[in-house]
Structure formats: structure tokens, C-alpha cells
Amino acid sequence: MAEKKLNRWDLLKMKEARDSVVWVTAYDFITAKLAEKAGIDMILVGDSVGMCIYGYDGTIPVTMDQCIYHTEAVRRGAANTFVIGDMPFGSYQIDVPGAVANAVRFYKEAGVDAVKLEGGKRVADVIRAIADGGMLVMGHLGLTPQSSTALGGFKAQGRTVEAALDVIDDAQVVYEAGAFSILIEGVPPEVTRVIRDKLPIPIYSIGAGIYADGQLMIISDIIGHFEAFTPKFVKRYGDVAGEIKRSVEDYIREVKEKKFPGEEHCYSMIEGELPKLLKALEK
Ligand code: KIV
């Protein structure tokens, strides 16, 4: 378990020391608690909750209320961990005051340490306003799932000179707008390296290579819980889906074969009560 909750200055020191920050997503109390016990540095309550928990095709339908419920549960499970609330689609696109109000909701109702939102130049004013409100904002660039339709699908980004320069440019703008760190998704490692070396804030990767200041993975991917598809950048460390399936199959079989419940799973009547009951039933 982490000795103490990290803060932005610890994260900066870790960047300077080239000590990788390791983080995962989580959406519920128990998983957050287990991740904290395992020693995770940070937790993102991602809008990937839409796919991993609600069974949506993407993140677009996810609402602010859903994000607040899940973030609040994670906060309770991991009181000692830096928790980031993910601003869902529609919570920061309409106007700047609305975006600030939604960031405030994450802080007041779910006790987050930071919020994250997707986009570069087009969201610079939102990042600035949230940061000016005294809150920590993480940028998210590259393959940004909320704009996957505009990007032509869940495709790697920054693979040509022009596209790479665009991501690097966006990172500079997001930094200047006041982001305390940036998550880069689905871009070649060399592009991440340029950004990491250029900017004095922590630069994290999900599918953006080894040169970042830390790595994020979706918990449902690494534990082998989410089976619909697996991006190239995911490594599986477990088979939770297989274990759930096996457990439920064993349970079904044992009930059908009258092997469960056994005596050890039953309550006995209080001493002397059974004969009295039988007698009562005779009347
Ligand atoms: O919602 C999420 O989990 C995310 C990751 C895909 C980076 O934003």
C-alpha cells in the first residue's frame, strides 16, 4: 500500500527522478481498495466506465451523474490514493462556466484530487478556467475516445510529421493553459518522448510508449475482465472473465447435482426446537 497519498509536487519529483508513475482506471469501491492495497500511485475513474461497466459501445452516452457515482465509490475505496475524475462528453463542451461547475461537482461530491478532459487548443479556455478556479486539470491528447468519430475511429494518432507536430503543439498549448500534467494516448513513443523532454509537467502514456513519466492501463483490460476487444497497447495480467465464467459454471453444476448447498452452508434450528415444531405441525 502507498505510504501516503501523492500530490502534484510528488508527481513532479517522480518525473525528475525518472520514477514511473503507475496508474489504472477503477469504477467501484472494491477494485479501488484492491488497487490501493497493491500499491498503485493514481486511479482514474474513466468515462471508459461506459464500456467496462454499462455495456455501451463507447463513452459518448456517459453522464456526469454516472461519473460522480463511480468516482465517489472509488474515493471511499482508495482514500490514500490520488484520484482523478474524468469529465464525460457534454460536461465541458457547452460553455466554460458549465465546465467549471462540473469540475467543482467532482471536487465537492466525489472528493477528487484532479479532473481530466480531452482535447488540445479547442479546450484551452476550459483548462485555464478550471485551473484558475484552484483545481488541478490533466490534459488528454492523441487518440481521444470522445472524438473517435471525428478521428475516423479508435486509431493511433501522430504517425506523420504533420500529425506528430500537431500533438506536440497541442501539448504546449494545454501546458500553457495551466494543465498540471498530460495523458497521451495511442501515439508513437518518439512523439511522447519529445513532449516529455519539452514540457516541465508529468507526461503520462496509455498506448504511447515507454518514454512517458508513467503508464495508465484500463483495469478491465489488464485483469482480463473486458473481452469485447483488446487494443494493441494492452497487456493482460489476469483472466478474471475466465474465473467468473468457471465459478458460475461450477455453481450451476453443483446446484443441479444437489451438491450445493451442503450441511455446512445451512443454519440449524435452536436446540430442542425441531421436535416441538414437528409436534406443532401434527395438530
Ligand atoms: O476513460 C478512460 O478510461 C480514459 C482512458 C482511455 C485514457 O480516458
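**Briefing: helix packing, buried residues, aromatic pairs and backbone features**

Phe29, Ala32, Lys33 and Glu36 in helix α2 meet Ala73, Val74, Arg76 and Gly77 in helix α4, where contact means heavy atoms within 4.5 Å. By class, this contact of α2 with α4 comprises 4 nonpolar, 1 polar and 3 charged residues; Ala, Val, Leu, Ile, Met, Phe, Trp, Tyr, Cys and Pro count as nonpolar, Asp, Glu, Lys and Arg as charged, and the others, Gly among them, as polar.

This is a predicted model, in which local features need pLDDT of at least 70 and side-chain atom pairs count only at pLDDT 80 or more, while totals for chains, interfaces and linings use all residues. Residues are numbered from 1 along each chain as its sequence is written, and side-chain values use heavy atoms, with hydrogens and water left out.

**Overall architecture**

- The protein chain has 12 helices and 8 strands; helices (H or I, at least four residues) and strands (E, at least two) are DSSP runs, numbered from the N terminus.
- The C-alpha trace of the protein chain spans about 90 × 40 × 35 Å along its principal axes.
- Of the 283 residues in the protein chain, 46% are buried; buried means under 20% relative accessible area, exposed over 50%, and partly exposed in between (1.4 Å probe, protein chains only).
- Among contacts in the protein chain with a separation of 6 or more, 58% are accounted for by residues 24 or more positions apart.

**Packing of α2 with α4**

- Helix α2 and helix α4 (residues 64-77) pack at an angle of about 40 degrees, with their axes 7 Å apart; axes are lines fitted to C-alpha atoms, for helices over the stretch in contact, and angles run from 0 to 180 degrees between N-to-C directions.
- That angle makes α2 oblique to α4; angles under 35 degrees count as roughly parallel, over 145 as roughly antiparallel, 65 to 115 as roughly perpendicular and the rest as oblique.
- The crossing of α2 and α4 is right-handed; a crossing is left-handed if the near helix is turned anticlockwise from the far one by less than a right angle, and right-handed if clockwise.
- Ala32 lies in α2 (residues 29-38) and is buried, with a relative accessible area of 0%.
- Apart from its neighbours within four places in sequence, Ala32 is in contact with Ala26, Ile43, Val74, Gly77 and Ala78.
- Ala32 and Gln172 lie 140 residues apart in sequence and 32 Å apart in space, C-alpha to C-alpha.

**Packing of α8 with α9**

- Helix α8 (residues 161-177) and helix α9 (residues 189-198) pack at an angle of about 25 degrees, with their axes 10 Å apart.
- That angle makes α8 roughly parallel to α9.
- The crossing of α8 and α9 is right-handed.
- On the α8 side, Ala164, Val167, Ile168, Ala171 and Gln172 meet Val191, Val194, Ile195 and Lys198 of α9.
- The residues of the contact of α8 with α9 divide into 7 nonpolar, 1 polar and 1 charged.

**Strand β6 and Ile182**

- Ile182 is found in strand β6 (residues 181-185) and is buried, with a relative accessible area of 0%.
- Not counting residues up to four places away in sequence, Ile182 touches Met138, Gly139, Leu141, Ala171, Val174, Tyr175, Leu199, Ile201, Pro202, Ile203 and Tyr204.
- Ile182 and Glu273 are 91 residues apart in sequence and 67 Å apart in space, C-alpha to C-alpha.

**Aromatic pairs**

- A search of the whole structure finds 5 aromatic pairs; rings of Phe, Tyr and Trp (its six-membered ring) pair if their centres lie within 6.5 Å, and planes under 30 degrees apart count as stacked, over 60 as edge-to-face and the rest as tilted.
- Phe226 and Phe229 form an edge-to-face pair, 5.5 Å centre to centre with 90 degrees between the planes.
- Phe226 is buried at a relative accessible area of 14%, whereas Phe229 is partly exposed at 39%.
- Tyr251 and Phe260 also form an edge-to-face pair, 6.1 Å centre to centre with 70 degrees between the planes.
- Phe260 is partly exposed, with a relative accessible area of 31%.

**Backbone features**

- The peptide bond from Phe260 to Pro261 is cis, with omega near 0 degrees.
- Pro261 is placed in the loop between α11 (240-256) and α12 (273-282).
- Lys258, found in the loop between α11 and α12, has a positive phi of about 60 degrees although it is not a glycine.
- Lys258 counts as exposed, at 73% relative accessibility.
- Arg18, in the loop between α1 (8-16) and β1 (21-25), has a positive phi of about 55 degrees although it is not a glycine.
- Arg18 is exposed, with a relative accessible area of 56%.
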